[in-house]
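Visitor: Please pick one part of this model and go through it closely, starting from a single pair of residues. I would like its pairing, its packing and what surrounds it in one connected account.

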Amino acid sequence: MQQLGQALWGLLYPPFCLHCGERVENARFPLCPACQQQLHRVPKSEALHRLHQLPAAVGCFRAAHALWYYAPKQPLERLHHALKYGNRPTYGLHLGQIMGKTFSPLLQETIDVILPIPLHRGRYLARGYNQSAWLAYGVGDVLGRPVMPKLLQRLRATRSQTHLSRSERQANVAGAFRAPMPDLLRGRHILLVDDLLTTGATATAAAHALHAARVASVTLLTLGLAH
C-alpha cells in the first residue's frame, strides 16, 4: 500500500527540482541535493531577535525558532511558493516533519498544544487550505502533540503583508485574531506555527490573542526567516 501511495505521489507531483529542474529522488521534498545545499540554517537566537525589533513582541514569546533563511530567487522561495500558492499543501506535511525533527530537543518538553497561524475564512476558501496548518500537522506528527487549529481564529480579512512596511504590517493585523475557546488554552504552553517570519507583526498579533486567553507561554516556529 505504501508503494502504491508513493507511485501515485510521483504521478501527481513529478519528481523534478523546483529550483533547477534536475531530477529528484523524493517528490515530497522537491529540491535536488545541490539546491538543498543552498538552504542555510538560521542561528538559534536570530528569530527571537527579529521579533524583538517590534516593541509589541517583547515579552510575548518564550522562544522563537526558524529553520532556513528565505530570500528571493533562492530554492526556499520556489518551494514555499509551491506550498502556499501552487496547490501543494502536502509539501507542508513533510516540511513540518523536518521542522519537528530539527527542533524536537528544544520543544519536546515545553509544548502542550500546537496552533497554526489561521487564514481568514474567505482566503481559506479561495486557496482551499492553510499552508501553516499542514506545517503544524507535520510538526505534531514528530512531537506527538495535538494540533488544534480551531482554538485560534482570524477575525477579519487583512491585506497581503508582502509589500507593507513594518508599521503598516502591525496596523494591518492589529486585533485580527482571537481565541474563541480560552478555557482550552488557559495555562498551557503553545507552539505557534507559521510559514515565514518577516517582521513578526502577524505572529505578535496572534500571540497577543493567546495571552488574552491566559496561556502560560507562546513559542514561535517557522519554516523560513526572511533575509
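**The sheet and its surroundings**

Guide: Ile190 has Val218 in S6 as its bridge partner. The model is predicted, so local features are limited to pLDDT of at least 70 and side-chain atom pairs to pLDDT 80 or more, whereas totals for chains, interfaces and linings use all residues. Residues are numbered from 1 along each chain as its sequence is written, and side-chain values use heavy atoms, without hydrogens or water.

Strands here are DSSP runs of E with at least two residues, helices are runs of H or I with at least four, and both are numbered from the N terminus. Two strands count as paired if DSSP finds at least two bridges between them. S5 also runs parallel to S2, with four bridges between them; Leu115 is the residue opposite Leu192 of S5. These pairings are part of an open sheet of four strands in the order S1-S6-S5-S2, with parallel pairing. S1 and strand S2 (113-116) form the edges, each pairing on one side only. From one strand to the next, the twist averages 20 degrees.

Buried means a relative accessible area under 20%, exposed means over 50%, and partly exposed is in between (1.4 Å probe, protein chains only).

In strand S6 sits Thr219, which counts as buried because its relative accessibility is 2%. Apart from neighbours within four places in sequence, Thr219 is in contact (heavy atoms within 4.5 Å) with Arg62, Ala63, His65, Leu107, Ile111, Ile190, Leu191 and Leu192. That list includes Ile190, whose bridge partner is Val218.

Helices pack on the sheet. Helix H7 (residues 131-143) lies across S2, S5 and S6, and runs at about 130 degrees to S5. Helix H9 (residues 201-212) touches S2, S5 and S6 as well, and its direction makes about 165 degrees with that of S5. For these angles, axes are lines fitted to C-alpha atoms, for helices over the stretch in contact, and the values run from 0 to 180 degrees between N-to-C directions.

Between S5 and H9 is a loop that holds Thr199. Thr199 has a relative accessible area of 9%, so it is buried.

His80 lies in H4 and is buried, with a relative accessible area of 5%. Beyond four places in sequence, the contacts of His80 are Tyr70, Asp195 and Leu196. The buried residues of H4 also include Pro75, Leu76, Leu79 and Leu83. Residues three or four places apart in an α-helix point the same way, because there are 3.6 residues a turn.

Lys73, in the loop between S1 and H4, has a phi of about 65 degrees although it is not a glycine. Lys73 counts as exposed, because its relative accessibility is 67%. Asn87 is in the loop between H4 and helix H5 (90-107); its phi is about 55 degrees, and it is not a glycine either.

The whole structure has one aromatic pair: Phe29 and Trp68 have ring centres 6.2 Å apart and planes at 20 degrees, so the pair is stacked. Rings of Phe, Tyr and Trp (its six-membered ring) pair if their centres lie within 6.5 Å; planes under 30 degrees apart are stacked, over 60 edge-to-face, and the rest tilted. Trp68 is in strand S1 (residues 63-70), while Phe29 is 39 residues away in the loop between helix H1 (2-12) and helix H2 (33-36). Both Phe29 and Trp68 are buried.

For the chain as a whole, there are nine helices and six strands. Buried residues make up 50% of the 227 residues. Of the contacts between residues at least 6 apart in sequence, 75% join residues at least 24 apart.
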